[in-house]
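My notes follow in the order I took them.

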Amino acid sequence: MHVAVSIVGFRNSKDIQGCLEALEASTHTDFEVVICENGGQASYEALMAVLPQTLAGGQPVHIVCAPGNLGYGGGVNVCLRAAPEADAWWVLNPDTRAFPGSLAAQLTRLQAGNCDAVGCALHLPNGSVQSYGGLWQGWLARAVSIGHGSPIAGRPDVAAIERTQNYLNGASMLIGRHFLEIAGPMREEYFLYCEEVEWFLRGLKRGLKLGYAPDAAVLHYQGATTGNQTDITKRPRLPVYLTERNKILLTRDCYAWRLPIVAMTSLAVLVLRYARRGAWKQFSYGVSGWLAGLRDERGVPNWVQP
């Protein structure tokens, strides 16, 4: 199967270089790389200057300059459109390092049938699991990373993951052609956060299935692009605002009848997560995003610098 490895960048050429270096060791070699640079013409030219036109195995590297910051979903869609003949698309964050057999393992699961997109084991630099897959709890508007914090050496229950997960972590997701044909492209108006959750929930409603490849592993340096922080008192405005806004938008788009209850539970969670811990600045960011979601505001926030 021919795969288009799809990477959305934003002024992070060093991350992308590392991602491509890891891909050069892939045991599955029938792939191309498509990169959407969201950071403007100068960043595009800087990326062109440091990246090879082909990898060591001869795989071509295509770089597309987006007409503006399209966000994650918009950048992914650019990559999908740039490789229309691919049999599958492997969407990777630039701050990931794929293990050599990861692509082959995911393709094996995809070709085994009964699934249309495949996830893997995402590892964190501290030696623990970030995610085997995701569970979106609709009533709470809460994303749960299956297996988070588990030791890497552990062997998860594949059947249980596939029964439980209703979305794949956006840092690494292998999308089959049938999934794209039935679900369509990602929603671009989310800009960042929750768009992959909505994508997979939409696909599941249309009868699509998600798989998990236990022998596929990807290291993820989480938050390198957005600047997200573990310390909640240091979390910047953009990820806090968009996370809260897009939880409400996702509920509106997928479970509109739940919106009144979800709005109240989301506000309560904001109080517990930030206000109770004295993170008042982050609490204000979250409340402003929550209000924006209730107003059905979409796209790039008007205070974001280009």
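I started with H123, which sits in strand β6. The model is predicted, and I read every entry with that in mind. Is H123 buried or exposed? Its relative accessibility is 8%, so H123 counts as buried; the cut-off for buried is under 20%.

Next I listed what H123 touches, leaving out residues up to four places away in sequence. I found F99, S128, Q130 and I152. I also found A217, V218, L219 and H220.

How many cavities of 30 Å³ or more does the structure hold? I found 1. The largest cavity has about 40 Å³ of space. Strand β6, residues 117–123, gives the most to its lining, with 3 residues. The lining consists of G119, C120, L122, S131, Y132, G133, L168, N169 and S172. I sorted that lining by class: 4 nonpolar, 5 polar and no charged residues.

Then I went to the nonpolar cores. The largest one has 43 residues. Which of its residues have the most contacts inside it? They are W136, M173, F179, W199, F200 and L250. Elements that each supply at least two residues of this core include β1 (3–9), β10 (172–176), α7 (195–205) and α8 (237–254).

Neighbours within four places in sequence aside, M173 is in contact with Y72, W89, W90, V91, V118, L168, M186, E196, W199 and F200. I also noted a second, separate core of 33 residues. Among its members are A88, L103, C115 and V118.

Key. Residues are numbered from 1 along each chain as its sequence is written. This is a predicted model: local features need pLDDT of at least 70, side-chain atom pairs count only at pLDDT 80 or more; totals for chains, interfaces and linings use all residues. Side-chain values use heavy atoms; hydrogens and water are left out. A nonpolar core is a set of buried Ala, Val, Leu, Ile, Met, Phe, Trp, Tyr and Cys residues joined through side-chain atoms within 4.5 Å. Buried means under 20% relative accessible area, exposed over 50%, partly exposed in between (1.4 Å probe, protein chains only). Helices (H or I, at least four residues) and strands (E, at least two) are DSSP runs, numbered from the N terminus. Contact means heavy atoms within 4.5 Å. On a 1 Å grid over the protein atoms alone, a cavity is a set of points where a 1.4 Å probe fits but cannot get out, and a pocket is an open set with protein on both sides within 12 Å along at least five of seven lines; lining residues have an atom within 4 Å of a point. Grid points are joined across faces, edges and corners, and a volume is the space filled by probe spheres set on the points. Ala, Val, Leu, Ile, Met, Phe, Trp, Tyr, Cys and Pro count as nonpolar, Asp, Glu, Lys and Arg as charged, and the others, Gly among them, as polar.
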